[in-house]
Each structure stands twice: as C-alpha cells, then as structure tokens.
Amino acid sequence: MNQEMIFQILALLVLLVFYGIYFGKLLEQKKHGIRTHQVGTRKEKSIHTVEVLMSVATLCIVPVQLLSIVLNLSWLPDNARFTGFLTGMLGDLIFLVSVLTMKDSWRAGIPEKDKTEFVSTGIYAFSRNPAFLGFDFMYISICLMFCNLLTIAFTIFAIVMLHLQILQEEIYLTNTFGETYLQYRKCVFRYLGRWQKRNGDINP
C-alpha cells in the first residue's frame, strides 16, 4: 500500500466517522419520535434563506471531497496532510461529544415548534457551538489532506454558511431563553473558550 492510498483511507475514515455520528444520532432520535433534521422549515425569510444555502453548501461539499479523495487531488506535503487527518479526528470527537451532551435537545436547523432544553454543561461550558466547530474541523481536515481549488472554495463556502447559521440561531436562542442565554453568552465564546469567572458573575 503506497502513501497516497494511506491518505485516501485516512480521509475516508474521517468522513465515515463524522457522518456515522450524524446519521446515527438522526436514527436514534427518530426512534423516540424526534425529527432531528429541521433545516429550512422556518418561514422567516432570513432564517429560511440562510438554512437553504447552508444545506446546499453542506450537501455539495461531500461529492467535492469524495472526488478529490478518489482522484488524489492534493497540493500539500505529507506533514500538512497528516495534520489534516489529526484535525479531522479532533473534529469527529468534538462533534460526538456535542451531540451526546445535547441528548434529545439536539436539532439540525432552527425548530419551529419543538421545545428543547437549554444546555450549557459539559463541552457547552467551553463552546457555544461545538457541533459547528466539529463540522469546521472536519471540512478543514479534508481540505488539508486533499487541497485543491475545489476543496478550498467549497470549504470556505460551507464554513461561512455555518457561521451565518450560528448567527441566526443566536437570535432564536435569545428570543427563546432570554436572560439565561444572554448570561451564558457573556461567559462562553462562540467557538472555543470562556471568560474567567469573577465575583458576581452569573452561572450560565
């Protein structure tokens, strides 16, 4: 087995684990009568537009990634590609922990009617959006392992659309959970990190 094939296998492993977690959670929640995938169900124009574009980005990047892997389209040296693999496995781990921590409150998209619990413990004490962070790491991973114009363009597109989705969700969470979410935002960063607590700080 040559080195190029090894990187192809490692990249496919990153994708297989990530989407295995995603669809596994989908099926698990379906058994409990929960509709996980709710992207594009809201009728508000701003939310609907962002979610549709995000869906396009996250769907279109998959064949681009697979094509780059199969054709071995890569510009970067082996050390950068191995760094990409490690980044991908970290992204998979972050994504797994995030969906497990959310339990049955995890949704893909902004729900229209579902009542979900506000979660600020575990990994959510250090990132307000760990699932999105996991997505970003996975996309960056494949881009590093199989770097070419297509993967660069679609990776940027997907990450930008995920960020815009986060901004929409922040509005929804503020409207839904009010002061509880606002205090949480003061303590925990959008992607990774938290402010050091001081006397008088309110627990998220």
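Visitor: Is Glu-4 buried, exposed or partly exposed?
Guide: In this predicted model, Glu-4 is partly exposed, its relative accessible area being 32%.

Visitor: And what does Glu-4 form a salt bridge with?
Guide: Glu-4 forms a salt bridge with Arg-81, and the closest N and O atoms of the two are 2.9 Å apart. Because Glu-4 lies in helix α1 (residues 3-31) and Arg-81 in helix α3 (residues 78-102), the pair ties together parts that are 77 residues apart in sequence.

Visitor: Is Arg-81 buried or exposed?
Guide: Arg-81 is buried, with a relative accessible area of 2%, whereas Glu-4 is partly exposed.

Visitor: Let's change topic: how many salt bridges does the structure hold?
Guide: The structure holds three salt bridges. In one of them Glu-170 pairs with Arg-128, with the closest N and O atoms 2.8 Å apart. Glu-170 lies in helix α5 (residues 149-177) and Arg-128 in the loop between α3 and α4 (130-145), so this pair links parts that are 42 residues apart in sequence.

Visitor: Where does Arg-190 come in, then?
Guide: The side chain of Arg-190 meets that of Glu-170 in a salt bridge, at 2.7 Å from N to O. Arg-190 lies in the segment after α6 (179-187) and Glu-170 in helix α5, so here the parts tied together are 20 residues apart in sequence. Through shared partners, salt bridges join Arg-128, Glu-170 and Arg-190 into one network.

Visitor: Which of those are buried, and which partly exposed?
Guide: Glu-170 is buried, with a relative accessible area of 5%, and Arg-128 also counts as buried at 11% relative accessibility, while Arg-190 is partly exposed, with a relative accessible area of 25%.

Conventions: Residues are numbered from 1 along each chain as its sequence is written. This is a predicted model: local features need pLDDT of at least 70, side-chain atom pairs count only at pLDDT 80 or more; totals for chains, interfaces and linings use all residues. Side-chain values use heavy atoms; hydrogens and water are left out. A salt bridge is a side-chain nitrogen of Lys or Arg within 4 Å of a carboxyl oxygen of Asp or Glu. Helices (H or I, at least four residues) and strands (E, at least two) are DSSP runs, numbered from the N terminus. Buried means under 20% relative accessible area, exposed over 50%, partly exposed in between (1.4 Å probe, protein chains only).
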